[in-house]
Structure formats: C-alpha cells, structure tokens
Number of protein chains: 4
Amino acid sequence: MNTFGHLFRATTFGESHGPAIGVVIDGCPPGIPLNEADIQPLMERRRPGRGPTTSPRNELDQVEILSGVFEGQTTGMPIAILIRSTGAESRDYESLRSVVRPGHADRTYQQKYGIRDHRGGGRSSGRETAARVAAGAVAMKCLGLKGMTIRSRITEVHGVSDPALFDAEILKAKERGDSVGGCLEVIADGCPPGLGDPVFGKLDAAIAGAMMGIGAVKGVEIGEGFASAGMYGSEWNDPLFRSGPATNHAGGILGGISNGEPIYLRLAIKPTPSVSIPQETVDLDGTERVIEIKGRHDPCIVPRAQVVAECMLALVLIDALLMRDRFSGFV
Amino acid sequence: MNTFGHLFRATTFGESHGPAIGVVIDGCPPGIPLNEADIQPLMERRRPGRGPTTSPRNELDQVEILSGVFEGQTTGMPIAILIRSTGAESRDYESLRSVVRPGHADRTYQQKYGIRDHRGGGRSSGRETAARVAAGAVAMKCLGLKGMTIRSRITEVHGVSDPALFDAEILKAKERGDSVGGCLEVIADGCPPGLGDPVFGKLDAAIAGAMMGIGAVKGVEIGEGFASAGMYGSEWNDPLFRSGPATNHAGGILGGISNGEPIYLRLAIKPTPSVSIPQETVDLDGTERVIEIKGRHDPCIVPRAQVVAECMLALVLIDALLMRDRFSGFV
Amino acid sequence: MNTFGHLFRATTFGESHGPAIGVVIDGCPPGIPLNEADIQPLMERRRPGRGPTTSPRNELDQVEILSGVFEGQTTGMPIAILIRSTGAESRDYESLRSVVRPGHADRTYQQKYGIRDHRGGGRSSGRETAARVAAGAVAMKCLGLKGMTIRSRITEVHGVSDPALFDAEILKAKERGDSVGGCLEVIADGCPPGLGDPVFGKLDAAIAGAMMGIGAVKGVEIGEGFASAGMYGSEWNDPLFRSGPATNHAGGILGGISNGEPIYLRLAIKPTPSVSIPQETVDLDGTERVIEIKGRHDPCIVPRAQVVAECMLALVLIDALLMRDRFSGFV
Amino acid sequence: MNTFGHLFRATTFGESHGPAIGVVIDGCPPGIPLNEADIQPLMERRRPGRGPTTSPRNELDQVEILSGVFEGQTTGMPIAILIRSTGAESRDYESLRSVVRPGHADRTYQQKYGIRDHRGGGRSSGRETAARVAAGAVAMKCLGLKGMTIRSRITEVHGVSDPALFDAEILKAKERGDSVGGCLEVIADGCPPGLGDPVFGKLDAAIAGAMMGIGAVKGVEIGEGFASAGMYGSEWNDPLFRSGPATNHAGGILGGISNGEPIYLRLAIKPTPSVSIPQETVDLDGTERVIEIKGRHDPCIVPRAQVVAECMLALVLIDALLMRDRFSGFV
C-alpha cells in the first residue's frame, strides 16, 4: 500500500531517520526530458526551514536519479529517485521510544505491526512526502507537455481568511508552543475532457483518496463542495452554452469525468500534532503521563502542504491521462 | 474501474434501463451465512417511491444470488447477485438522446466514449448504486460477525440543520420543480484497531475515495474535518488516558490506521441535477436550447444516499479487515 | 482472484451446478460491434456432447448480454454475460459429497475454505471455462478489428502425434473407462510489435500464467520451448534481415515484447481425472476406500481445451494492446 | 509492470550500466529478523565470474538496506534494497548503439519505447535479476520461519542429462564462441496446504508466469508436465491413502491449490543470445550486416539461473501465503 496509481505508479519508501527515502516511478511515458534539475525546485518548496513560521531543520533533500533516464530522457523503465538523509540525530528521539504522542500514529502503528521505528515518526513522518514530491515533479513534467498546470493557494489559517493575517496567526501559535491548521485550494488548469472513469474510477474519487492520504488532511471538497448542500439544483447546475459552461460549480468534473473546465478543490489541514504545550498521554504500556514535545516542529504545516497537494493532484491527473489513452486505438 | 476493493472486491455492472444490473463479489470469506433475505432489506432502504419526498418510480429491486453460496453459506467463491429491471420505459428518454442535461454526465461520457446509453443516465444513473448496496449488504454481514456496525443520519438539508424542517425544505423544492442537497454523517462502531495501511493505503484515504465515488457527493470530512482548520493543535489532539482517548477529534483514525474509537465522517451531497425548472443548455452538436426535465426525480437524494454511503463504508472496512489479517501468521 | 487482466479485465463467477455462470468484462473499448451471435459460436466449440469422443452432457450454454452494449455496440461500460444452467441434476453427485476424487481439487478446496459446493466439482469444474470463452469471444472481436487472429491445433494425443490416430487413442481410453491427455499448439497471427512490458509484464509471462491457469494444463512452452535447452545459441538466435527474421525460434516474442512475427506456444494437457476404473482414495475424514467415477466425462479434454486456450490467449493480447496504447499520447 | 506480487510486492528498478539497481519490497510481514547478511549469500550465487564456465565480469553486488528494517527486524514498511554498480564501462557498448543483436530485446524495446539504454542491454539485461534475488532472499527468510525451503538442480545441459558432462558441454560451446541452454528442476519443500486461489489465482498459474518472466526461460512444466500428455488418467491420478498420496504427479498442486506435498517444476532455458560466432543481423535503420559479439558473456546461463528461479518461486509462495491468511479471521 505504498504504491499510488494504476498506470503511472509511484512507490515510496523510507523512514524519517533512516539512511534514505525515495520513490520508484513505474509507468512513466518514454521520451520525457528529465533530470535532477526538474525535481529539485519542488523539493525546495517542500523543505522546512525557510522562514520564521517554519521548522528550522536543515534537510538538504538532494535528489539522485538512479534509473529510467538515459541521455536526458525517460526510457519508459522504472525511475528510481533517491534522497539520502543528512544530519538526522536519532538520539533526540530516544525519550519518545515508549511514549504515545497525542495526535500521532505512534500507537496505531505499534498495535498493528508490533514494532515501529519511533525516531521522528518513522514511516508516518511528514518526511515521507518528500518522496511524493519527487514523483509529483516527474508527473508535472509529463503534464506540462500536454498543457496542464497545477497551482494552489492558502485560503485560511486558523479560521482566518485574510492572507495579511496568516503569518501573525502562525507566529501567535508558535509563541504559545502550539500549532494551527488551515485550508488550501488546489487548481489544475488546462485539463482535457475525458480524464476519469465511471463508477469507482471517478476522477473526483481518485482526487479525494489522494488528498486524504496526505497525513494532515481531514477534509476534501471539490467544486462547490460543502456549499452544495445549501443550494438548489437550479443554482448548482452549470448552464451550458456553445462557448462552454457559464459557471463551474462542478469543479471541472461531471459524472467522475473531467469536462475541460479548471479542476479545483479545497483541503482542510489539521494543526501539527507536535506541540510543546503539556499534553496528557500514556506510555505504550498504558502508564499515564504528561508530555511536552520539544524540538523543531512547524507551528503550521499548511504552507509546506501546498506542494505536496499539488504533487498528489499531478499524480492523479497523469494516471488518468494514461488510463484515458488506453482506448486510443479504438475511440 | 468498475471494481472496488483490494481483497474484498465488488465489480458492478448494468445501466439504468438495461435488462439487469448486478455485482460480482470476489474475495468474500467462506462460511458466512448468507441468503437473499440478508440483502433485500437494504435494497428497500435505497429504493425510491417510499414517501412524498421521494421519486414515485416503482422498482422492485429483487436480488437473486447466482453463485458463491452453498447450502446457506458463502464458499469463498465469487458471489454474483443479479437484479433484473422491471418496467423501464426507455421511450420516455428518447427526447434526451442528443441533449446535454446540466449537472449530468451526458457530455463527459459522450466525449470520452463516443457512444453512451442515454436512457435514464445509462451507467451514470443512480440506479447503479443498487448493485453497490447488494455488495455492501454482504460486507455488513461479514462485519457483523466481528462486532462492527454502521449507521448514518441526515445532519443538514438545504442549509437547514433542524431535522423537523427537513421534509418542509424538500417539499418546498419539489413544488418549485427544483431540488436540494444536504449533509450526512456516517458512523462505524465496534471497529478494531489496525484497519488501514500506511501512506497510500490509509483508512481515511480509502474512505474518502469511496465516498467521493458516490455520484452526488462533493465533499468528505473525517473526524473534525474542516473545523480542524480553525483549531489549535493543543485543542485538536485527543488526550490519552489508560481508559482511552478523552475526545475523538481524529474520527477513530490516526496515521491512517483505526485506533478502536468510532469512525465518523460527514458528506456533502449536491442537489439532484434533474429539475423541471427551465435550464439553458446545448445539444451534443452545440446548439443552444432550453430544457425542462420532466419525469420522476427525487427532489432530494440525501435520504436514499444514506444506505449507499453506509454500504460503501462497509466495503472499505471489510477490505481493510482482510488486508490487516494477511499478516496474521506473522504478527 | 477470479479476475483476469489489467485493463481488459474479465471476472468470472459460477459453479458447475449453480443457477448460472457468467462473466463481467470491464475495460472493453467502446464502439465495438457486439451481440450474442458473436459469442455463441465459440460457446458451441467448447460445448460437450458433439461426438463419440466427447461427453454426452447436453448443456445449451445460451449467452445473454446484460449490460455494456447499446444499439449493437459496446459502450466502454462493463459487459455482463450470463449463461443460465439447464438440466443440472445435482442428486447425481450426492455420493461424492464426502469423497476425495483423485486428481481433482476436492480436498484442496475443502482444506482451504472449510466448505465447498461438491456438485460436479463446483467452482473447480471445467464448466467455469464457458465464462472464459464468452469473455474471450469479446476479446477476439476487438482483436479482429486490429487484424489479429488466433487458431490452434492438436499436436499430440496420448503420446501419438499422427492426427489420423487421435480418435482411436481416445476411443481406446473410453473403452477402458480411462482417459488420455495430449498437446495443443496455439498461434496468434497479425500481432503488432510492442505487446508486452518489461520484466514482470512480459508477454510470454502473461501467456504462461494464463495457460497454466486452465485447469488441465501442466506445461507451457513458447517458441522453441524445451527444445531450446538442446540448442546452441548460434542455432537458436533468429538471423535478421531487412525483410524480417529468417526463422522464428523466439515464438514472436523477444525480451517479453512482441516483434511482429507469429506468436506460437504449446500446451501439455493432462488426462481427465474422472475415470471409471477403480481408484484408491480416501473420504474427507481420511477413511480409505475405492472409487469408480461414473457419469458423463470426456475421455480426452484436449479438443474442448482448444477454444479455451485460444480465448485465454485473446484475453492476454487485448490486455497487452490496451497497455501498449496507454503511452500513445507520448510515444 | 516492474512489480511482482499482490500482497508481497517487489518492484525492481535499474539498468545494466546505470548507477544502481535495486528493489522495493512492499508488504513484507513485520518482525522478521533481517539484515544484509541474509541477502548477500544469494547475491553471490547469482554473481558471474566464479568459474571457468561463467563470465569473468567482476560485479560486487553489495546490497544496502535503506528502509523497512529497524534494530534488525522488518517493520512492515517498504524495504528498499540498493545495489550500486561498479566498474561498468559503457564505452564498451558504444558500437552496439544502433545494431540489433539477434535473440536480444534490442529492437523490440526500441520499437516500443522509441528510446532505450543500449549499454549492456539496459533494462533487459540479466543484471536486473540481481534485484529479484535480493527480494527473493527476503521472501525466503519469511518462508523459512514457516518451515518452507526451496532448492534446485540442473537436469540437462545442451541435451545432455549426465551431470558429469555438463562442464564439458559448456566448455565446448565456449571454445566455439557459442553458448548452450539447459533445464532446471526447482522444488519447494514444506509447503502447507491451501496456497493458491481458484481460477486465475492458481498457484501453478502464478508459478508459470513468474518463471516465464525470467528472460531466458522458454518453457515451464509442473509435476509430470509434458509427460502428462502421454499418460492415462488412471496412471496420472495420485492414489490417496490415509498417510497421503502414493505418488506426486500433480507436483504438489491440485485445482491450483497446494496439497502439502512437495511442489516441483522444470524449466527450459535457452542458450545465451550473446555469441561471438558471426551472425547476420540488421542495424536499427534496417541495414543488413554481420555481427560478432565480443565481451564477457556466460556460455551457459543455466547455473546462474538457478538462484533466480528459486527466488521467483519464493516470491510466489510468500505472496500465496499472505493471500491465504487474509481469511484467517473467518476460516
């Protein structure tokens, strides 16, 4: 279950404090120009430590392409991308070996597997998303050749929707030793009609699954989303003209298939669970205790989640594009 | 893409006005007591025509089990369930052959496949969900043997959250020749810890994909969902005690894996796209026109969507349960 | 595991003596002309009871298309095909409820599932292949539009390779109350280059898996097959000229990918396990006994296996063709 | 299509002369003791250059585990294993950029993908099997904990079945500048009943697909295999006694499910296609020419194929074991 996609498949691996993380992309079309410089800028956008509101950890996240690219072009063979870890100090985490951090996956992993790498969250760490971003960068390269682009913006931080106040909310949380959540909007422009398959392969179903698979995401809405629940059908339906639909309440998808309009969605992102405010918790053996989580943690993960969400959308779209084209010899 | 699930796989087939719809379930555990009477009551809950606020169509939806059950027990072999159509009058739809109904999948299907069964929406009709309900009924039978139950309730109709006013909102829409949407909450009780797999197999990701795959669903939130975006981390995190977590903002899932608490989620359901109010639209050839959709259509699909959402959640949970147990020989 | 294929997926269901068997085909391209008359002739080729050397059972095997076809063309939606059973007399099999027939799946199914439909072999009966043939007929229809055809011939019966003696060998076995095996050659003509994917998706790997998945098949060889083991590399390699390869020891596949030459393979088919000669066996509880299997059984399954093998090859090829075309937007 | 398995999934990557090859194993059970020393001995068995009859290339094939193992035990998370390349001299292959080597995948890859890494066969090189062996070593470690073991032996070289003559046959070919094929027998001992699923998930189907997916394999037979075609049913059927079957013509599998007897199979392996004897061939542009392939090539790949075949069988068996156990909560 560490593989995403049907035809453009990304398999990620690696733990927060292991020697490396990475991804193997299987099913990338051949002939796509690709090198490390296509990937690195997106890695930078995901990287922590770039401002007062983010974590000061200094990961380099240098990518190395190990396979699947020959003389600057993809070959259709699996593309393995490796990101070596640097500077991980696992002794920082020794005290967390047997404690259950509230809001984290510590106990669910321990219960399920009977063993876990507790250092920095191990596999459940946000660090895993670096591998997704590497895969997403390759997907975006393919999409770009077909005229598709993906962007996002923060629409809310801690209940506040005025962008001028976002940093203030985050800094306030940081000073409290606390964290805050927020909302993102993600938009794909230039999508052709015909992406998505009926019933269980709907494009919106794939998007929702992809987005909710990002650790911090707790809600997904497409097009009008939850506002749809308060609308009349005659309002919601997008009137059609020869020139196209007059509105886009559907968010670019009807019956699970893209209609050529921009695809847009919004995500609810929970506050980072690591806070230094004292919290009541238990040890793995059930002993009750109070925990204060020290260390370098983002007070708000929303800015860094942007590129991850964009990359997951890119992975959904390239997969849907290849799925659509399977019928190209017949349609 | 008409198959749902990894180990408990349901493949549905059939069009609204074809001779039959149905489902093949592959991977159901053997030894489960099962007969048609286990399935029929859920079919009745999904069936239209049971009150003034629903469509007066009279489908019988009688299920027939064709395989996979021997002497009242499942055998582990594929369970095929057939639902013959009755009383479909496809001539009602002849006028819709070349028109694009706003809010429907008419044009996206036509563009993608170059052909479609236009009668009653064909494959994109809500009628397809009858096959999902049949599959979900089998999933629920399995879950019940493990102490899991699923329920749901309507939390909002057309922006109104007082249940006493739901029928009034629906009737008001019906009188206008219009339709309304609403919200559902779905809850699974009795879920054991350990359901869900890391990264792309997260239980919440599977739930979100399953729910957004229901035609009318435009938003999904799990646990605190969108409200998470306005909370501090110290509020959101569920404090842990020996007796369990004090709250359940996580909705029963941490790190993508169930923690033994109730799993709950909310869905946004759009208003039924078929309304008799005149709408501007185009024909498949682009000619602009006005359409008034007559016929038997639910002014609000929310009540009938309840059982579909419950069944999809059942399909996610039984699949996750079998996935968890694959390691049973080792853990 | 009752689904075959990645993009053109056939899911079969049904037991020998249940009310029906059938198949759901998901991923068939749209726009393919199709009706029952395209399928029925292949069903007839598989049907028993057509000569002195086959079983006198009289199954009608009338197919009914339930979905996925509209006005004589496929729509890209799942195609469900139903074959109702007729004349099954399950009381014939009551005596076999607790006995283990040598060479049959009786005990392996019972051990694995704890329950089985023992009537006529239940799910492990050769009758299940009727559903595969229905699916294969649809695949062949698609392949035919692309100029591909599939044929087969019997190359050996009971160690004898002179076709004039095949019937005599079979009749001799029948008179003994025994059965015999044989070999088939299956050939696909008109295959374009590019079918098959590297490493685990090799076309020959898919073919071998498909063929060995036919109950009676115990060996598969492609191109020169086992004879390759006795050849020098300089003999085996097919010399290449501008006009194409001078020989075809590779059987039309190099590196797992078709090269445009005819694809050919040979199958070893074991003798039918049901023989009326007394055999030593045990009951499910371990009691030793002697069994004489009476009833209508083919003394040699090889002639009927031809159409099944052809259909499985068709399913492999159409799947590989759709897989190849997924890159059509890029290559 | 570079992933093998359903629940224990191995995804390989890498080209012959790229910077590294490797594998990501997803779905390995947690709690398995594992380190590099468990894998390295199998890598040594696959490695060339160990005797007068093998290629003198000196690859070190040092494995590095990058993830999924914590404090000496698997965690259930993806296990990435990396093998850095050393000493590849790609200038050796510059002359082969545009020529099509007979018996190789050069032209099929070029036609399908429009681009290929021609150095040493690129992705189609036998070097890729090193990654499979690494994955197989992990599978064997799991199987060993359940009492299963896998072994193999060479049964034929160049048509000769006396082991005393194998080396002589290989050396004779080497002196000619030629190559020879042969046959292997592979045996799994200690397999429990219940491995394999009906119809398309048969254990023998999975084995055949896995084996034919090894580049040099051109034939697979299970149990009596092709000899079955010459037997009477009364001979072939294994008589059953309380103590078990008296014979094992079935090769340990009945109806696609293991019966607890040893599983055995035989493989036909073609002669290495790289021979220094002059061969007629064409360039990619169709120009006819003669080629003499110099360099370090095994005159017979059969000895090195043993460990690859054993590893592929291990991958099939561990996958089937996890598939069987999915029902453990119910059966």
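**Contacts within and between chains**

Modeller: Let's start inside one chain: beyond its neighbours within four places in sequence, Ala216(A) is in contact with Ala268(A), Ile269(A), Lys270(A) and Ile301(A). Keep in mind that this is a predicted model.

Biologist: How far apart in space are Ala216(A) and Ile269(A), C-alpha to C-alpha?

Modeller: Ile269(A) is among the residues in contact with Ala216(A). In sequence the two are 53 residues apart. In space, C-alpha to C-alpha, the distance is 5.3 Å.

Biologist: On to chains D and C. How much area do they bury between them?

Modeller: The size of an interface is often given as the accessible area lost when the parts come together. Here 103 residues of chain D are in contact with 103 residues of chain C. Of the area buried between these chains, 63% is on carbon and sulfur atoms, and the total is about 8,000 Å².

Biologist: Which residues of chain D lose the most area to chain C?

Modeller: Three residues stand out on that side, and together they make up 11% of what it buries. They are Met1(D), Phe200(D) and Tyr232(D).

Biologist: Which residue of chain D meets Lys112(C) in a salt bridge?

Modeller: Between chain D and chain C there are two salt bridges. For the one at Lys112(C), the N to O distance is 3.6 Å, inside the 4 Å cut-off. Its partner is Asp197(D).

Biologist: Which element of chain D gives the most residues to the side touching chain C?

Modeller: There are 37 residue pairs in polar contact between chain D and chain C, both residues at pLDDT 80 or more. On the side of chain D, the top contributor gives six residues, and it is helix H2 (residues 106-113).

Biologist: How many nonpolar residues are on that side of chain D, the one that touches chain C?

Modeller: Sorted by class, that side has 35 polar and 22 charged residues. The nonpolar count is 46.

Biologist: What is the bridge partner of Glu221(C) in S10(D)?

Modeller: Strand S10 (residues 217-222) of chain C pairs with strand S10 (residues 217-222) of chain D. The pairing is antiparallel, over three bridges. Within it, Glu221(C) is bridged to Gly219(D).

Biologist: Which C-alpha of chain D is nearest the axis that relates chain D to chain C?

Modeller: A rotation of 180°, with 0.0 Å of shift along its axis, superposes chain D on chain C at an RMSD of 0.0 Å. In chain D, the nearest C-alpha lies 2.1 Å from that axis, and it belongs to Gly209(D).

Biologist: Why do you say that chains D and C meet through the same surface?

Modeller: Compare the interface residues of the two copies. The copies meet through the same surface because the share of chain D's interface residues that are also interface residues in chain C is 100%.

Biologist: Now chain A. How much area do chain D and chain A bury between them?

Modeller: In this pair, 40 residues of chain D are in contact with 40 residues of chain A. Carbon and sulfur atoms hold 61% of the buried area, which comes to about 3,100 Å².

Biologist: Which residue of chain A forms a salt bridge with Arg97(D)?

Modeller: The count between chain D and chain A is four salt bridges. In the one at Arg97(D), the closest N and O atoms are 2.6 Å apart, and the partner is Glu71(A).

Biologist: Which element of chain D gives the most to the side that touches chain A?

Modeller: Elements giving two or more residues include strand S3 (20-26), strand S7 (79-84) and H2 of chain D. The biggest share is four residues, and it comes from S2(D).

Biologist: What kind of axis relates chain D to chain A?

Modeller: Chain D can be laid on chain A by a turn of 180° and a shift of 0.0 Å along the axis, with an RMSD of 0.0 Å. That is the relation of a two-fold axis.

Notes
Residues numbered from 1 in each chain as written. Chains lettered and ligands numbered in written order. Predicted model: local features only at pLDDT ≥ 70, side-chain atom pairs only at ≥ 80, totals over all residues. Heavy atoms only, no water. Contact = heavy atoms within 4.5 Å. Buried area = accessible area lost by both parts, 1.4 Å probe. Salt bridge = Lys/Arg side-chain N within 4 Å of Asp/Glu carboxyl O. Polar contact = N/O pair within 3.5 Å; in protein donor to acceptor, adjacent residues only side chain to side chain. Nonpolar A, V, L, I, M, F, W, Y, C, P; charged D, E, K, R; others polar. Pairing = 2+ DSSP bridges. Least-squares fit on C-alpha atoms with pLDDT ≥ 70 in both.
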